[in-house]
Amino acid sequence: MSPHALRSCLACLLASSILFAPPAPADDSIAAAAPRDAGAARPRIGLVLAGGGAKGGAHVGVLKVLEEMNVPIDCIAGTSMGALVGAGYASGIPAKDLQTFVTTIDWKSVVGGLGERDLQPIEEKRSGVTYSNQLELGLRDGQVIMPPGLVKTAGIEDLLRSYVANARMQSSFDRLPIPYRAVATDMITGEMVVIGSGDLATAMRASMAIPGAFAPVVTDKHILSDGGLVRNIPVDVARNLCADVVIVVDLVEPAADPAKLQSATQLMGRSTDVMIVANERLQLQTLTERDVLISVPMGDIGTADFERIPETIPLGETAARAAAERLATLALPRGEYLAWRGKVTSSQAIDAQVAEVRYEGLTRVNPEFLASRAEVKPGDKVDTQTLSAEAQRTSALHEMESVAYRLTGDPAAPTLEWLPQEKRWGPDYLKFDFGMYASEGGDLAFVLYGKHTRSWVNELGAEWRNEVQLGYENMLVTSFYQPLDTAQRFFVEPRIALVRTWEDVYLDEERIGRYRFSDVGGTLDFGVNLGNYAQGRLGYLFTRREASRDTGSLVLPEGDANDAGLMAQFTWDSRDTPFNATRGVAASLEYVLSDESVGADRDWQRIEAGLGVALPVRRDVIWLTMAGGSALGTDLPTDRAFSLGGPSSFPGYELGERRSREYWTVSGSYLWKVKDILSIRGQALYVGARLQAGQFYDRISEVDGALAFVDDSAVYGGSVYLTGRTFIGPLTVGVGVTSTDAWSLWIAIGRPVGHGTILEKGVFR
């Protein structure tokens with residue numbers, strides 16, 4: 001999400017009451033001011049750290065200079081990223097350790113969700129993919145409910161808990177090594193809330209919760225979001241807390257460019273900046289001659305440029321050194337300063353042996369299911385890394401919005417209490433998707449897709465799933481996924497489906513007809529989940545198929561037929577993303593046996609397997625794929641034959657241009673990354689080059705004026721394309737050619753369109 005997009009969210013949601021927030025703090029007992037010490041031999045120094053997202057890394061540079069100059073800090077007030085840096089320093093973390101922390105954060109993981117897919121159960125990967133967007137809505141009392149934030153905050157919350165792990169055990173921020181306050185905005189009243197007690201990680205999260213982007217922190221009295229809306233530079237908060245003198249760190253952006261204030265979106269984004277600048281100006285006007293203002297010019301570093309945080313630290317150092325003369329008047333003799341520093345320094349490491357593990361606050365999810373997936377058991381030794389890894393495993397589950405924890409009881413043998421937050425907009429979820437495919441050869445196909453899921457229907461975690469799709473392939477599907485054990489290792493899933501598709505039929509690269517296939521039937525699967533990567537299914541299927549010619553010549557037989565019998569599937573998926581993976585393996589095997597003894601009108605078999613591997617090479621990626629299918633010597637009906645063609649299975653051919661009873665194909669692609677669109681979300685554009693070979697057996701062809709099945713020689717192909725995950729979903733534009741003189745120019749957006757080989761369905765979608 002770009003800075004302007006984030007700011008647009010702010011402007012849309014808060015353009016009214018927040019603009020008129022009162023200049024004085026609305027201190028409603030969340031924060032009690034620390035009493036002044038009238039006998040202090042030196043002025044008490046309050047540090048004020050402004051909000052600014054990624055720009056807030058500059059605060060660390062300022063702190064480094066303050067330490068070099070022996071300037072002590074008696075209290076800290078911060079907003080947003082200033083609240084994060086300030087909380088760490090108030091907890092006793094020295095500047096050099098803060099620098100290590102902020103420069104080693106994996107923001108792609110924390111904000112972008114990189115790595116979360118590795119932790120998801122295989123059934124979630126298999127059933128939950130949408131392509132054009134990641135938006136999941138709720139459905140309650142007949143109303144559609146938006147989630148409270150567009151970006152999942154579980155990774156951020158886990159980061160904050162690890163950052164101040166020991167300080168979280170101190171409920172009053174007055175009793176931290178350095179007294180501290182975080183500033184948030186109450187979205188109910190539009191007033192400032194000064195947070196001085198509670199969970200320190202939650203206080204930081206509230207101060208950083210950009211409305212629309214991140215879910216707010218909800219308490220009994222407040223709905224708390226980003227404090228920058230009402231007090232981005234909380235000078236008055238620091239004065240009320242302890243300060244005789246304040247050191248203010250202001251993060252200064254360049255003046256607005258009139259050329260970039262032309263569109264409605266640009267102006268809406270700028271309106272948020274104006275609100276923030278207005279409340280900053282009011283606070284800066286209260287500074288006196290005794291106070292020190294450190295203004296840090298940020299250049300072109302924006303609010304959302306988290307991966308540029310290392311660049312901000314030197315900017316803070318430079319700005320602080322420019323104020324060295326003023327800061328020197330606040331410095332202590334070296335010995336006194338070292339004594340102060342030793343007194344306030346505190347480790348945030350946790351080292352404990354857990355006596356008991358509990359799960360609190362769950363209303364839908366069975367805690368025994370979470371316990372079955374847990375790796376931390378009673379009697380285990382834990383540290384911050386162990387607890388963080390466990391929290392990430394749990395928060396990766398679909399039903400979870402976030403997962404907090406606390407250690408209670410005996411510090412030597414504490415009870416580990418997990419506090420998972422189920423999604424507030426569940427348990428009924430809606431997803432929508434869109435796909436489009438067009439080619440120079442005349443293919444133009446659209447699909448609109450919607451899915452409803454009712455999760456945790458019972459204590460074993462059953463799900464009722466309903467899907468509808470309109471367009472190139474129409475379908476209406478309902479299924480009931482029922483785990484058979486608490487750990488959800490074994491399951492059964494009955495499924496009923498109505499599917500109607502239109503498929504073109506070709507003879508030797510010439511499109512000669514279009515057929516409609518209407519299928520009514522279902523499956524009954526029994527399966528096993530093998531960890532997060534693998535799943536096996538075995539079941540019975542029944543489908544009544546009606547095949548009819550829509551246009552063109554009669555090539556395939558028309559009429560009705562029942563197919564019934566055994567179906568077996570195996571799936572493996574360790575990819576980092578379902579589209580344009582940069583690492584991992586996807587594999588799928590499917591076997592179908594149709595037999596008259598179990599209700600079929602025709603006997604046949606088919607087996608198909610596919611494998612895809614993504615290998616990272618520096619910034620680039622290598623893709624390797626192979627697939628093959630066989631009728632195993634049976635008389636496979638032509639309407640059940642394998643069909644290849646299109647960018648997923650064989651570029652150069654149109655969708656379904658090669659229809660055969662057996663085939664094999666292999667390909668290799670190299671993708672050069674040419675542009676990051678939004679690096680933190682893994683969105684980038686690649687230029688790819690692909691070489692492919694394949695062969696088709698028992699392919700429908702024309703021999704001496706009659707239809708026949710022929711075996712082809714090996715076919716070779718190549719393609720070049722531009723592809724990537726973008727704001728509108730997957731995008732691919734390319735051109736492919738084959739050794740049979742076929743060629744195709746295509747564009748595909750969003751949900752993949754096309755069906756046929758295993759490379760175009762199931763795990764490979």
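Two strands pair if DSSP finds at least two bridges between them. All views below show a predicted model.

**View 1. Strand E5 pairs in parallel with strand E2.** Strand E2, residues 75-79, and E5 are joined in the parallel sense, and four bridges link them. Within this pairing, Ile76 lies opposite Tyr180 of E5.

**View 2. Strands E5 and E6 form an antiparallel hairpin.** The pairing of E5 with strand E6, residues 192-195, is antiparallel and extends over four bridges. Here Ala182 is placed opposite Ile195 of E6. Five residues separate the strands of this hairpin, and Gly190 adopts a positive phi near 80°.

**View 3. Strand E8 also pairs with E5.** Strand E8, residues 223-226, runs antiparallel to E5 and is joined to it by three bridges. The residue opposite Thr185 is Ser225 in E8.

**View 4. The residues of strand E5 are buried on either side.** E5 spans residues 180-186, and seven of its seven residues are buried, leaving the strand mostly covered. Side chains are divided between two directions: Tyr180, Ala182, Ala184 and Asp186 point one way, while Arg181, Val183 and Thr185 point the other way. Burial applies to both sets, including the charged residues Asp186 and Arg181.

**View 5. Helix H2 is largely enclosed.** Helix H2 covers residues 58-68, and because 10 of its 11 residues are buried, the helix is largely enclosed by the rest of the structure. The buried residues are Ala58, His59, Val60, Gly61, Val62, Leu63, Lys64, Val65, Leu66 and Glu67. Just after H2, Asn70 has a positive phi of about 65°.

**View 6. The second largest pocket is lined by helices and strands.** The second largest pocket holds about 960 Å³ of space. Its lining consists of 39 residues, of which Asp199, Thr202, Val217, Ala404 and Leu419 are the closest to the pocket centre. Two or more lining residues come from each of helix H8 (154-163), helix H9 (200-208), strand E7 (217-218), strand E14 (400-408) and strand E15 (415-422). E14 supplies the largest share of the lining, with seven residues. By residue class, the lining of the second largest pocket comprises 19 nonpolar, 10 polar and 10 charged residues.

Notes: Residues are numbered from 1 along each chain as its sequence is written. This is a predicted model: local features need pLDDT of at least 70, side-chain atom pairs count only at pLDDT 80 or more; totals for chains, interfaces and linings use all residues. Side-chain values use heavy atoms; hydrogens and water are left out. On a 1 Å grid over the protein atoms alone, a cavity is a set of points where a 1.4 Å probe fits but cannot get out, and a pocket is an open set with protein on both sides within 12 Å along at least five of seven lines; lining residues have an atom within 4 Å of a point. Grid points are joined across faces, edges and corners, and a volume is the space filled by probe spheres set on the points. Buried means under 20% relative accessible area, exposed over 50%, partly exposed in between (1.4 Å probe, protein chains only).
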